[in-house]
Amino acid sequence: MALLTPYSKVPELNTATVLLVENEEELQSKLANALVRNENDFNVNVRLARKLPLPVENKETRPRIDLIVFIVNLLSERSLQSVESSLAHLHSDCFLGKVCFLVTDGRCVLRHVTLSVSQTADGVNAAAVRLLNILKVSAGMSPIATTALYLSSLTRCSVTSELEED
Amino acid sequence: MADLSNLAGLGSEPSGEIDSSASSANNRSLRLAEKERRKGEADPFGLAVKYLSQVEAGTVVRGNDELERNMVVVETVALSKGLPPEVITVLLDLALSLNAGTTNCTRVLKFLIPATVVPQEAIVKGASWLCVGKMPMNAQVLFVRWVLTVFDLIDCKDNLRSIYGFIFSFVTEENLCPFICHLLYLLTMREHVHPYRVRKLLDIQAKMGRQPFLTQLLALYKVYHPDLVTLSLPSRVRTGFKNHNSTWKVALSAVQRKNKGAVLVDQSLSLDVKEKPSTRKRKLHHLAIPPLSSAFDSNSNKKVFRLQELRSFKELLENIHNIELPAQMGSLLGSALALHYLDCVQDESASLRLNFWLGHSLQEEFLLCPVDGSSDNTSETCRFLSTILFSQQFLQEGFSSTESFLYKFLSVWDGCLLRPQILDLLSDIPLMPSFYMHKLLFEPLKQLYFTSTVFFKCSVIECLNSMLVKWLTWHSVSALEGGLDISLNSNSTMTMTLSGFMDSVMELVRFVGLLASEGLRLENSMINLINMMFVVCDMFLKYSLPLIIMPPAGVFYPALFATDSVSVDRLGYIMYRYRKNLTLAKKQEQQREQTFHISRNTYKEFNRNLQAMVNSMWNSWWSIPGSDIEIDKDLIALSKVAEPWCRFDLIHHPALFSYAIEFHQRCWPEKKNVDLGSIKIGKYWNWYMEFLFNQGFDGLNNFIRTNTGHSSGLSSQDDSSASYRFLFH
């Protein structure tokens, strides 16, 4: 099974590539537009997919992917299932800072949520900005050396037991 | 029946001929025909009502065209304009007596939209029909739900309260139980709480399990009679009552919006509400502060003043023992007068009900309602949150339901929606034990913080700063009143010792230190952080809290070597204050043998920082072996900077460099080669110091003065002083 590995390719100069994976393809295009429209110091390539594994045909021409974003719609169970099955196609090294989860329509209480997006235009823009921040670090372009692993350790949410709502 | 004639003009479609496919020309001709007919006849609506009021028991329903026709007339009017009170009485009677059959019963209940008020006699009569027991279960449930929906439109609730016992007897019906509990919750007064009722509720709870609606009602009973309800209830009860108004929501709001001019919507009395008084439409499915209803209470024999009738503070003071709270507790939020009353009286049941309403609104309408992205939805929510904010700031403490809402919301917040309001509400959160702080507050904030813009980062630090200030203020106020065991805000039952408080404060400061250090690494310059340290350094002196926390290295050194002069100056001020705090603490410790004890580590840390700062700025020697910022000599030599050791002193520091050059030009305007070293000689040094501190660097001034003994501007009165004064005019 071909796994998506984080470091198997050489990065390009001043470029970062982000892969947006969403089953429903609702938020993908909006987010992609917002990402590209932002003024960045570096080039941003956005690639879209519905699920992993990515098609084998493009394997050679595909650039190195710096950040993989899974978009989950909390109101649809199929979305979550598709993400779960896609996760099996990722090399375990990717989880050290190269993977991010984006959640929409999440109004109920959840734990372990990484990023939440409200569907308004402002929300999409804000989410795009945040993704760019993460992307900058993942692609190694952060000004003072911050690795993706370090950032993920900073934003890690510890597993908690049910709090007594007292 | 004056208003009936008004309403008749709206029944433009003749009954029984509702043909949706009619063209407009057809409609017009129908209208003309109708007008002709109307000139001769009386109004169809009045006739319909009259007919329906005379329907006897046992009337045949199926195939009864006349009945159907009249029903349709009334239904149309109801859904468009709403029904006047008398008609509601008639229709309710008709429906619940089952004179027109069971299907018509539910049908009538479904379109029973009041236009203005609902007379309480109708409800009482309805309750009596309920007692007869002939209605099918779904009709009974529908009726109770209807009562809940129009509860605020009932003109007076006294008679309802007098049949409290009858209503209570329905609590045993399993299907009715949730809604009856809700109704009882709204009606209960102190005199209704009796031991046998409590026992009954507990029995039902034993059978049905701990249902939220039962718990809610028991909580209210407990507030009135804590001795009768002995079981422990969670102090923060989650929203307990089922949604009751879904059937009528849309129609009711439509009717009320139409009648905006006609319905007496009282502008809530507010003495100094900051927001502009917008028309508060009663939209049941949106977030809005409901207006204080202006139902008249002429039949009541209790001599109570309703809160909404008060017009001035003076009236409030005169009648403070006779006030009755409105049924819709949320309406208190916008009014300063009402908040005054709540604060003075400290009525636990009132605050319980207010918290419940607030929690319910925030939960149901905000958290669980899907966001459709419309801008007026957001602006309405914005206004709602601003009102809550205003009330909280007025009362100078937060509501517990806002607190729970914020914890739930933070984990799904995207950092962008309603950011200013949410952050302001966050800063109102009362003190909590340090154990919960991580899970509830820090974790979600961390995730948002590290991936957001600089602006958001600064806002978060600002918010946490004001939270700290509020906690410290609260502590310094309450510590004066009580002993060491300080209870939290007046509604909470948790108490916290002084050491627990200090733990929480320490956790908060450490967290901000972490955020600050990492934020500085990621972003490059964040002047805002230094403000936080202002509060922290003075904790001992200003708030008499025996806690001294040094800034972390990740904040101290970037400030010391910053390229902007403001940060350097502020750092000087902070170190100066720390020194003052520490010397005072040491003195107190020695003199009075206080129970607190500043650890040696704190002093060590301070000394280290002080050393670093003085060495860099005064002694021109910043890379001391063994300090935090030691760099290998060879590495420094590689940079090929001349005289690397003095690069961070008062003349060559990147932030103060420009001032040195300006001074140099003023002293030696003809010199072409700038030699900053010449400033260090003799009297020029003193002049330079005075020049520098005249630029407004008070913090740095204080720092240098206290730590090096050098004072500028107080030199001996020689004639050179006269000359330098001339220089600087």
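This is a predicted model: local features need pLDDT of at least 70, side-chain atom pairs count only at pLDDT 80 or more; totals for chains, interfaces and linings use all residues.
Chain A contains four helices and five strands, which follow one another along the sequence in the pattern β-α-β-β-α-β-β-α-α. Of its 166 residues, 46% count as buried, and the accessible surface of the chain comes to about 8,700 Å², with carbon and sulfur atoms accounting for 52% of that area. When contacts in chain A between residues at least 6 apart in sequence are considered, 74% of them join residues at least 24 apart.

Within chain A, residue A:N23 is placed in the loop that runs between β1 (15-22) and α1 (27-37). Because its relative accessibility is 11%, A:N23 counts as buried, the cut-off for this class being under 20%. Once neighbours within four places in sequence are left aside, the residues in contact with A:N23 are A:R50, A:R78, A:S79 and A:S82.

Chain B, in turn, is made up of 729 residues, of which 51% count as buried, and its secondary structure comprises 33 helices and four strands. The chain exposes about 34,400 Å², and 53% of this area is supplied by carbon and sulfur atoms. Among contacts in chain B with a separation of 6 or more, 72% are accounted for by residues 24 or more positions apart.

In soluble globular proteins, nonpolar side chains tend to be buried together. The largest nonpolar core of the model holds 135 residues, and the members that touch the most others are B:L656 and B:Y688. At least three residues of this core come from each of domain 2 (305-368 + 376-544) and domain 3 (550-711) of chain B. Residues up to four places away in sequence not being counted, B:Y688 touches B:L650, B:I651, B:L656, B:Y659, B:A660, B:F663 and B:I679. Another core, of 81 residues, lies apart from the largest one, and its members include B:C105, B:A122, B:L184 and B:L252.

Two or more lining residues are given by each of α7 (120-132), α8 (137-149), α10 (164-168) and α11 (177-187) of chain B.

Notes
Residues are numbered from 1 along each chain as its sequence is written. Chains are lettered from A and ligands numbered from 1 in the order in which they are written. Side-chain values use heavy atoms; hydrogens and water are left out. Buried means under 20% relative accessible area, exposed over 50%, partly exposed in between (1.4 Å probe, protein chains only). Contact means heavy atoms within 4.5 Å. Accessible areas come from the Shrake-Rupley method with a 1.4 Å probe; for residues, only the protein chains shown count as cover. A nonpolar core is a set of buried Ala, Val, Leu, Ile, Met, Phe, Trp, Tyr and Cys residues joined through side-chain atoms within 4.5 Å. Domain bounds come from an automatic or database domain assignment.
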